[in-house]
Amino acid sequence: EERAANLLKAELKKRGITYAGLVDKLADLGVSENERNIRNKVSRGKFTAAFLLQCLTAIGASSLALE
């Protein structure tokens, strides 16, 4: 859980995308989330693989380094 959360945070930071920006990008994919919910999910590390994939797709991540 912690590793998944750190991976998502790192990808957001690398692209300069805030949680508010992620909300907008997810909305473009038809995924309804709000900033508070995303912040809580990521800080707890409690989210589904589907949510992780939605976020990565929304921010344009095409590959990941799992090191």
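Helices here are DSSP runs of H or I with at least four residues, and strands are E runs of at least two, numbered from the N terminus. This is a predicted model, where local features need pLDDT of at least 70, side-chain atom pairs count only at pLDDT 80 or more, and totals for chains, interfaces and linings use all residues. Residues are numbered from 1 along each chain as its sequence is written, and side-chain values use heavy atoms, with hydrogens and water left out.

Me: Which residue just after α2 takes a positive phi?
Reply: Happy to look! Helix α2 covers 19–28. Just after α2, a positive phi of about 85° belongs to G30.

Me: Which elements do the buried residues of α2 pack against?
Reply: Buried means under 20% relative accessible area, exposed over 50% and partly exposed in between (1.4 Å probe, protein chains only). In α2 the buried residues are Y19, G21, L22, V23 and L26. Their packing partners are α1, α3 and α4.

Me: With which side chain does the side chain of E33 make a polar contact?
Reply: E33 sits in the loop between α2 and α3. Leaving aside neighbours within four places in sequence, its contacts (heavy atoms within 4.5 Å) include F51 and K41. A polar contact is a pair of N or O atoms within 3.5 Å; within protein, one must be able to donate a hydrogen and the other to accept it, and residues adjacent in sequence count only if both atoms are side-chain atoms. At 2.7 Å, the partner of E33 is K41.
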